[in-house]
Amino acid sequence: MTPMSAEKNNTHQKTVSRSKSSVRNQGQGNRSRPNRYSKNQGNSSNRHQPVEVKIGQKFPLTIKRLGINGEGIGYFKRKIVFIPGALPGEVVTAKVTDFTEKYIEAKVVTIREESQDRVTPEDPAADLVGGFELAHLSYPAQLAFKKDLIVQALEKFQPKGFEHYQINDTIGMDVPYHYRNKASLPIRKIKGEVKLGLYKRGTHDIVDLPTIATQDETSMAIVRQVGQVLSDASVSFYNEAKNTGLVKTIIVRANQEGQAQLVLVTNVEEFPGRLAVIDALTEKIPALTGIFQNINFGKTSLIWGDETIKLWGDDYLHEEILGLNFAFSPRAFLQLNHEQMTKTYEIAIKALDLNMDDTLVDAYSGVGTLGLSMAFLVKEVRGMEVIPEAVEDARLNAEENGIENAFYEVGTAEKVFPKWAKEGFAPTAVVVDPPRPGLDDAFKRALLKTKPKKLVYISCNPSTLARDLADLDSAYQVDFIQPIDMFPQTPRWEGVVKLSLK
């Protein structure tokens, strides 16, 4: 067995900060309350006055709009109230669950006047677990909300400078369910009963889920099969209170062909009965192409530990994207929604309008999925990524697809891009797909100095996107912003922006 190094836990690394592979945290977004304020919030001096409320207090509340995490927002005595599950236009009876000087948190007791956009969630567990924050909102209204998110963000960072932007309607899915191709589910044994599913909101109590409406059928079926095999083999499961037991989390990623890669996240490295478990898994689940063990010691909020060991099978899971074949190691980043990822890439490629005289930089390149998809259209592609294993994967993917004009380097965009510029490399086109914190200031300065003619920004965070567009405004104009619903039923946002030199 050869240890396969895992990426460091760093917020600037795409695998950790972009993939959010923990389903338990799906769609939760930024919990920092001050950043959630935006337009029409009233006078700030009034907003920050002490609130005369107490825990358990009830009062009627009219919901004005949705916050960035999908909560209803209303005002009680001019103080902002966040209330999950409430929709704009509704009048509810709210019950205070928490409060500070700046805001009140509450829950819905009764809905007095119901929104016409309210629907019954498809998943019966939608009100219990994360990842369904918008499941009670009709899908057309979800798409409208995600367009409004970028409008609100732009108003904050460019209060008088974005009115001319073309903001397109959100591109949705025909069937906005069963899209997640990766499942990361904690497993426990509670009072002799094995539970495999998601954490109940605000707790570490697992809700056992035979199905999940946003999870694709292949990955969900396999993860449940794995749980049954482990239980039948009397494998011990993690006990969080005692910090004992072996398997913490089962992670399954499936491709479009129905093949799957399995990772067992364990509390310790020693795996009693490992060979028998591998035999049982491979016999009962023929779709598996590789089985891995990731060691994540002790109590931690992180899903992954630092060391990943291959137990059996192939090093990579293969996936076809825009006609190319890509290999993914267990920790490699890949969007969880293949259909919407493909649309995103197609929009980005069209927006760049590349030709064989162009030299392209693929910043935050991951394993090369986006840059290599454009390699046949340009003279040269260069990409940078902070994770060495991802760069190795990108080089392998270039070789396997017969691409000879692509070069990948380990390092951050803010260090590698200026270095290339000093060496005389002046790209004509750049595509960026950063993690949630957005573009580093040094990288933005380098862009403004180099001034590539063509620039496309793929974003997963409307707030940092709006900030970055304001910072680039001195040299670039925004031709359009295209929201894409990468994660239906959640408030998470994705968008493609075409920019060009003024």
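Reader: How many helices and strands are in the protein chain?

Author: The protein chain has eleven helices and 23 strands. The model is a predicted one. Of the 502 residues in the chain, 57% are buried. Among contacts with a separation of 6 or more, 67% join residues 24 or more positions apart.

Reader: What is the strand order in the open sheet of six strands?

Author: Strands of a sheet pair through backbone hydrogen bonds, either parallel or antiparallel. Here the order is β2-β6-β7-β5-β4-β3, and the pairing is mixed. The edges are β2 (58–62) and β3 (65–66), each of which pairs on one side only. Inside the sheet, β5 (residues 79–83) and β7 (residues 103–113) are parallel and share three bridges.

Reader: Which strands pair with β12, and in what sense?

Author: β11 (residues 247–254) pairs with β12 in the antiparallel sense over seven bridges, with Ile251 bridged to Val263. These two strands form a hairpin with five residues between them, and Gly258 in the turn has a positive phi of about 90°. β13 (residues 288–295) runs parallel to β12, joined to it by seven bridges. On that side Leu264 has Gln293 as its bridge partner.

Reader: Which residues have the most contacts inside the largest nonpolar core?

Author: In soluble globular proteins, nonpolar side chains tend to be buried together. The largest nonpolar core here has 42 residues, and those with the most contacts inside it are Val226, Leu230, Ile250, Leu262 and Leu281. At least two residues come from each of β8 (182–190), β9 (193–199), α4 (217–232), β11, β12, α5, β13 and β14 (307–313). The most come from α4, which gives six residues. Another core, of 41 residues, lies apart from this one and includes Leu66, Ile150, Leu154 and Phe443.

Reader: What does Ile250 touch, leaving out residues up to four places away in sequence?

Author: Its contacts include Ala183, Leu185, Leu196, Val226, Leu230 and Leu262. Ser184 and Gly227 are also among the residues that Ile250 touches.

Reader: Now helix α10: which of its residues are buried, and why do they lie on the same side?

Author: An α-helix has 3.6 residues a turn, so residues three or four places apart point the same way. In α10 (residues 441–450) the buried residues are Phe443, Lys444, Ala446 and Leu447. They lie on the same side of α10 because they cover an arc of only 160° around the axis. Arg445 and Lys449 are exposed, on the face turned away from the buried side.

Reader: What do the buried residues of α10 pack against?

Author: They pack against β17 (359–363), α9 (413–422), β20 (429–432), α11 (462–472) and β22 (476–484).

Reader: What caps the N-terminal end of α10, and what follows the helix?

Author: Asp440 is the cap, with a side-chain oxygen 2.8 Å from the backbone nitrogen of Ala442. After α10 comes Lys451, which has a positive phi, near 55°.

How values were computed. Residues are numbered from 1 along each chain as its sequence is written. This is a predicted model: local features need pLDDT of at least 70, side-chain atom pairs count only at pLDDT 80 or more; totals for chains, interfaces and linings use all residues. Side-chain values use heavy atoms; hydrogens and water are left out. Two strands pair if DSSP finds at least two bridges between them. Helices (H or I, at least four residues) and strands (E, at least two) are DSSP runs, numbered from the N terminus. Buried means under 20% relative accessible area, exposed over 50%, partly exposed in between (1.4 Å probe, protein chains only). The arc is that of the directions from the helix axis to the C-beta atoms. Contact means heavy atoms within 4.5 Å. A polar contact is a pair of N or O atoms within 3.5 Å; within protein, one must be able to donate a hydrogen and the other to accept it, and residues adjacent in sequence count only if both atoms are side-chain atoms. A nonpolar core is a set of buried Ala, Val, Leu, Ile, Met, Phe, Trp, Tyr and Cys residues joined through side-chain atoms within 4.5 Å.
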